[in-house]
Amino acid sequence: MRHYVYGGFERFWHWAQAVLILFLALTGFEIHGSIHFFGFEQAVAYHSTAAYALMVLIAFAGFWHLTTGEWRQYVPTRENLLKQADYYLSGIFRGAPHPTKKTPLSKLNPLQKLVYAGLKTFLIPLMVGSGLVYMFYRYPQRYSVVSLKVGGLEWVAIAHTAGAFLLLAFVITHLYLITTGQTLTSNLKAMITGYEDLPDEDPHGPAASA
Ligand code: HEM
């Protein structure tokens with residue numbers, strides 16, 4: 001049956017976040033010296049602008065999560081966690097059924113809950129926090145943030161760069177997992193249109209479909 005799974009703001013937030021993170025990765029790895037595209041100075045300017053845009057987006061998304069109660073979708077659970085991992089490691093290659101049934105009220109499987117909760121509570125705050133220290137460490141002192149007791153930038157740079165690699169690893173895995181829905185493109189279409197065909201309620205309960 002066709003369900004409205006992702007609302008307008010949720011889809012806007014998802015795609016805006018995707019574009020900004022990819023752009024931050026592109027400009028960030030140019031600042032890091034790994035690639036050459038815009039030129040260093042331009043990359044720094046673009047990286048700062050995109051970082052501000054991401055922080056504004058995060059503020060609106062935080063408000064949306066709290067006021068709609070959607071944050072509850074992301075509370076990790078151990079239920080079905082191992083079954084879900086087993087599905088991705090082996091079941092999926094044998095055409096086994098999805099162990100978690102997606103519904104508009106419970107959109108995420110236990111592995112998604114865990115990974116997205118980690119992104120929201122650890123990786124994104126790490127990138128924003130280390131990025132802000134990176135941005136403002138020079139002022140008013142040149143080589144230290146006395147008020148923050150940051151002696152130098154080495155650890156900030158390591159944390160920000162390691163976080164960038166982790167985010168890239170997430171994006172690559174995410175792109176693969178997008179293709180593993182009911183059909184190759186059903187997850188992608190759902191995040192574009194909001195609608196998705198989901199299997200009907202199982203009259204024998206969730207255990208029968210697991
Ligand atoms: C709000 C979030 C962010 C802020 C405030 C921020 C800020 C900054 C700043 C100020 C720099 C140093 C620029 C300079 O040397 O002048 C930087 C570097 C960098 N950023 Fe970000 N950034 C953010 C998010 C991201 C994201 C999401 C990624 C990747 C997906 C990323 C990847 C990088 C990389 C790879 C570097 C180079 C690090 C190095 O070589 O030391 N940043 N960032």
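**Close-ups of a predicted helical chain**

**View 1. The whole chain.** The protein chain has seven helices and two strands (DSSP runs, H or I of at least four residues for helices, E of at least two for strands, numbered from the N terminus). This is a predicted model, so to speak: local features need pLDDT of at least 70, side-chain atom pairs count only at pLDDT 80 or more, and totals for chains, interfaces and linings use all residues. Residues are numbered from 1 along each chain as its sequence is written, and side-chain values use heavy atoms, with hydrogens and water left out. Going along the sequence, the order is β-α-α-α-α-α-α-β-α. Of the 210 residues, 34% are buried (under 20% relative accessible area with a 1.4 Å probe, protein chains only; exposed is over 50%).

View 2. Helix α3 covers residues 81–89, and its buried residues are L81, Q84, Y87 and Y88. Looking down the α3 axis, they fall within an arc of 125°, so they line one face of the helix (the arc is that of the directions from the helix axis to the C-beta atoms). L82 and L89 sit exposed on the other side of α3. The buried residues pack against α4 (110–136) and α5 (154–178); contact here means heavy atoms within 4.5 Å.

**View 3. Where α1 meets α6.** The axes of α1 (residues 8–32) and α6 (residues 186–193) come within 8 Å and cross at roughly 115° (lines fitted to C-alpha atoms over the stretch in contact, angles from 0 to 180 degrees between N-to-C directions). That makes α1 roughly perpendicular to α6 (65 to 115 degrees). R11, H14 and W15 of α1 touch L188, A190, M191, I192 and T193 of α6.

Methods:
Parallel < 35°, antiparallel > 145°, perpendicular 65-115°, else oblique.
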